Amino acid sequence: MLKSLIQSETLELLEWPRLCQHLATFAATKLGATAARHLKIPDSQTQSEQLLEQTKEVYQLESRLTTGLSFEGIQDIGDSLERAERGGILTGDELLAIATTLAGARNLRRVIDNQEDLPILTGLVADLRTYPELEQEIHRCIDERAQVTDRASLKLGEIRTDLRRLRSQITQKLQNILQAKSGAVQEQLITQRGDRYVIPVKAPQKDAIPGIVHDTSTSGATLYVEPNSVVPLGNQLRQIIRREQAEEEAVRRILTEQVAAVKPDLERLLAIATTLDLATARSRYSYWLGANPPRFIQRQDHEIITLRNLRHPLLVWQQQHEQGQPVVPVDLLINPLIRVVTITGPNTGGKTVTLKTLGLAALMAKVGLFVPAREPVEIPWFDKVLADIGDEQSLQQSLSTFSGHIRRISRILEALEKGSREWGIGNREEENLEIPTPQSLVLLDEVGAGTDPVEGSALAIALLQYLANHSQLTIATTHFGELKALKYEDERFENASVEFDESTLSPTYRLLWGIPGRSNALTIALRLGLKPEVVQQAKTQVGEATDEVNQVIAGLEAQRRRQETKAAEAQSLLQQAERLYKEVSAKAASLEERESSLRASQEVAVKQAIAQAKGEIAQVIRRLQKGTPTAQEAQQATNALNQIGQQYQPATPAKPKAGFMPKVGDRIRVPKLGQTADVITAPNEDGELSVRFGLMKMNVKLEDVESLDGQKPEPIVKPKPAPPAVTPTPQNVPEIRTSQNTIDLRGKRVADAEYILDKAISEATGPVWIIHGYGTGKLRQGVHAFLQQHSRVKNYEPAEQGDGGSGVTVAYIK
């Protein structure tokens, strides 16, 4: 009882339900949203690791899909399944919901099965049974309006035929009466009251059309009369309607019995769909937070808790959705020997936010969420997260602030003691056996506050020393200066403080490690205008020792700031060097691209010149072919050809001087970079050599260098490998449409078409021609959506115009 009470209190103090509510907004189904709002926290590290793997795989899957994982059609059919098992008859809407849920689950399984490297998700949907035959039977018997169809049973079809015939007879008789007694009726109208057909008769003329009055208008001027000649037909119609209702109920009863027969599998399907939706919600929420997957560490293996740039997820939400202040991240790097961290500093400095941020990060990792921190995220798996944060003051229970804290801390210690009994720590201590490491995280805000400072400080010291032995990690905030000294007495203790900007008299919300917080009360008082003599008198009361301690702390803070400034400068230089390297690489790539472009344009110009020259030569030949050429004409043709040759023949480029081979120490030119360089190493057998220009060293190809006087180096001749044997490939066999590879879906529903398509594609060995027609385009869209997600379909396209054009789709099988 104590354990569940303090843990539920801790969740409320950390505002865990609010985070769960945020997570629920990323769920796609009502079941997933409900599961997210009542998120169960795992009891073992194995369960947490499995949830994390689910989140990682969904994250990976959604990065591959263009539209994300779809849960369309999946509904909460739990109540319907319970009623079916108890013998109730499901309505048409409930049966349709079951059919769409089966289709949605099948689509989920198909998407996951079509992907690789998803072992957790693949195993999750491996046992998923979606009963396509049940879905098809429901769609055969229930239409889109949730009404039972005529084809549901032969008997129902006959009844509906009789109904239509009888209604036609009644309508015809009433039409005859309206025409014969037109003066007695208000308007030429046939209407219904209940299941009886009536006509509007003027009240003074009611005797003109004898019959049964079923209704009267508001004014009383119109009577709705069923003529006596129609009454027998109306009675007969009512009997047939009752037969129709009974037959519809019989159809729904049969479908309900089929649903009840597979209830365990459908409940399993709902559970799997909910698990997938919850994993998808975790993945999408983690992506929205910019979070990273955590790794659970073992501190006894000397692994460090690493949480850099850790952000409070609720503050991130507040910043994004409620125009809150920018979130200041904190860095938590905790040595494996450390069991207790005391955080000091001024009020509103961010101490409590740091506690809540760490507590939420531990819980998020346990439930399979990513943690909003920079990679790597390394954190222990805490079996319990226990917190005393805030004020439990209560006038009704006569509890002071101090009493409220003590009651809650007592519950924390009770929970730790219960955990120790479960681990058997007490017995092991008596038997001098190895004591297992406690696994709890304890968060204490303003420990020992609310009472006499001397007694409160002593109580806080004793409490933290106890927690150092009975919890894996304790983070405590305090204003007591005595707690700062624990670090120097016990290596399991560490100090931290929140930074305070004295120039602006405001906190920066940054956490400083290894430096205890110093008192800023006197400094703040002086800057806010308190008389200097009063502040000076206060300093004498505090004592010189305290002033010296504050000066030492101030010196440490200044030294830390200098180190951080130097680190920032070094980081800036590194980024500048990386930027320069990218610029040089981009320029080199641009030069290569420009050279390729010039070469391509030259090739185009040469081809155009050759084509023009061929045309002019053809004209000369045609002139010579006209009649008998004379010697003078032959000489003119020869001169014309020589002119064409001189005009289009490219100038012979000067041959580069050969025979140059760079040696170590030679100075060469690298034309691509426009630089001269010194040779460091001679060319190897692959034709690469190392050069230096300025402070940079790089490897270049032999063909990319030349001597200072323009000589190109001799290429290194490598023995040519034997050409590989060429294996002849068979020619492509033409694809021919036959009746065997053509399926006609015209007039089918999308659900029926998918079933027929799946069977045809599974048996196909070549392309399949699918006739879906034009119509509204709904069937074509459904066919294309099915083909796009089918694992055996390589691609699809509209058929040739002669084969039906856009009214036929050709699917190519892998």
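Modeller: Helices (H or I, at least four residues) and strands (E, at least two) are DSSP runs, numbered from the N terminus. This is a predicted model: local features need pLDDT of at least 70, side-chain atom pairs count only at pLDDT 80 or more, and totals for chains, interfaces and linings use all residues. Residues are numbered from 1 along each chain as its sequence is written, and side-chain values use heavy atoms, without hydrogens and water.

Biologist: Which element supplies the largest share of the lining of the largest cavity?

Modeller: A cavity is a set of points on a 1 Å grid over the protein atoms alone where a 1.4 Å probe fits but cannot get out; lining residues have an atom within 4 Å of a point. At least two lining residues come from each of β8 (340-344), α13 (351-366) and β14 (506-513). The largest share, three residues, belongs to α13.

Biologist: How many residues of that lining are charged?

Modeller: The lining includes L332, V341, T354 and W513. Ala, Val, Leu, Ile, Met, Phe, Trp, Tyr, Cys and Pro count as nonpolar, Asp, Glu, Lys and Arg as charged, and the others, Gly among them, as polar. Eight are nonpolar, one is polar, and the number charged is none.

Biologist: Which residues lie nearest the centre of the largest pocket?

Modeller: A pocket is an open set of points with protein on both sides within 12 Å along at least five of seven lines. The largest pocket holds about 1,400 Å³ of space. Its lining divides into 11 nonpolar, 22 polar and 11 charged residues. Of the 44 lining residues, those nearest the centre are N107, E754, A785, F786 and Q789.

Biologist: Is T149 buried or exposed?

Modeller: T149 sits in the loop between α8 and α9 (154-180). Its contacts (heavy atoms within 4.5 Å) beyond four places in sequence include R140, D143 and R160. Buried means under 20% relative accessible area, exposed over 50%, partly exposed in between (1.4 Å probe, protein chains only). T149 has 9% relative accessibility, so T149 counts as buried.

Biologist: Which are the edge strands of the open sheet of four strands?

Modeller: Its order is β1-β2-β4-β3, with antiparallel pairing (at least two DSSP bridges between two strands). Five bridges join β3 to β4 (222-227), and D215 stands opposite Y224 in β4. Pairing on one side only marks the edge strands, β1 (191-193) and β3 (211-216).

Note on methods: Points joined across faces, edges and corners; volume = space filled by probe spheres on them.
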